[in-house]
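Here are my notes on the model you sent. Please read them with the coordinates open.

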Amino acid sequence: MKRRSLVTITVFLLVSMFFGACHKKCVCFSFNGSERTYTRDEVDALGGSCTGLELQANTRLYSYCQWE
């Protein structure tokens, strides 16, 4: 019984991590309240860091960016 519960919990956690990691997006919020969403591929192409997107071409474009 104990082993079955442990296996069930492990499988549940792995499935949750798989589905949660696949759909992450980087959302950046500008100073005027608008937001821009970047895919993981776009973030990788622009330097690989979601928080790094706040500053582009020596200009602060966003107030903050975060993964969702």
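1. Start with Glu-54. Leaving aside residues up to four places away in sequence, Glu-54 touches Thr-59, Arg-60, Leu-61, Tyr-62, Ser-63, Tyr-64 and Cys-65 (contact means heavy atoms within 4.5 Å). Glu-54 is placed in the loop between α2 and β3. Its relative accessible area is 14%, so Glu-54 is buried (buried means under 20% relative accessible area, exposed over 50%, partly exposed in between, with a 1.4 Å probe and protein chains only). The Glu-54 side chain also reaches the backbone nitrogen of Cys-65, at 3.0 Å. That is a polar contact: a pair of N or O atoms within 3.5 Å. Within protein, one atom must be able to donate a hydrogen and the other to accept it, and residues adjacent in sequence count only if both atoms are side-chain atoms.

2. Provenance. This is a predicted model, in which local features need pLDDT of at least 70 and side-chain atom pairs count only at pLDDT 80 or more, while totals for chains, interfaces and linings use all residues. Residues are numbered from 1 along each chain as its sequence is written, and side-chain values use heavy atoms, with hydrogens and water left out.

3. Confidence. The mean pLDDT of the protein is 84 (pLDDT is the predictor's confidence in each residue, from 0 to 100). Of its residues, 79% reach 70 or more. Helix α1 (residues 2-22) has the lowest confidence, at a mean of 64. Strand β1 (residues 26-29) has the highest, at 97.

4. Layout. The protein has two helices and five strands. Their order from the N terminus is α-β-β-α-β-β-β. Both kinds of element are DSSP runs, numbered from the N terminus: helices are H or I, at least four residues, and strands are E, at least two. Of the 68 residues, 18% are buried. Take the contacts between residues at least 6 apart in sequence: 49% of them join residues at least 24 apart.

5. How many disulfides are there? The search of the whole structure finds two (a disulfide is a pair of cysteine sulfur atoms within 2.5 Å). One joins Cys-26 and Cys-50, with the sulfur atoms 2.0 Å apart. This link is right-handed, with 85° about the S-S bond. It connects distant parts of the chain, 24 residues apart: Cys-26 is in strand β1, and Cys-50 is in the loop between α2 (40-45) and β3 (55-56). Cys-26 and Cys-50 are both buried.

6. Cys-28 and Cys-65 form a disulfide too, at 2.1 Å between sulfur atoms. The S-S torsion is about 115°, so this disulfide is right-handed. Cys-28 lies in strand β1 and Cys-65 in strand β5 (residues 64-67), so the pair ties together parts 37 residues apart in sequence. Cys-28 and Cys-65 are both buried. With the bonded cysteines numbered in sequence order, the pairing is 1-3, 2-4.

7. Rings. Two aromatic pairs turn up in a search of the whole structure. In one of them, Tyr-38 and Tyr-62 have ring centres 6.3 Å apart and planes at 85°, so the pair is edge-to-face. The rule covers rings of Phe, Tyr and Trp (its six-membered ring) with centres within 6.5 Å; planes under 30 degrees apart are stacked, over 60 edge-to-face, the rest tilted. Tyr-38 and Tyr-62 are both buried.

8. Charges over rings. The charged end of Arg-36 sits over the Tyr-38 ring, 4.2 Å from its centre. Arg-40 lies over the face of Trp-67, 4.9 Å from the ring centre. The criterion is NZ of Lys or CZ of Arg within 6 Å of the ring centre and within 35 degrees of the ring normal.
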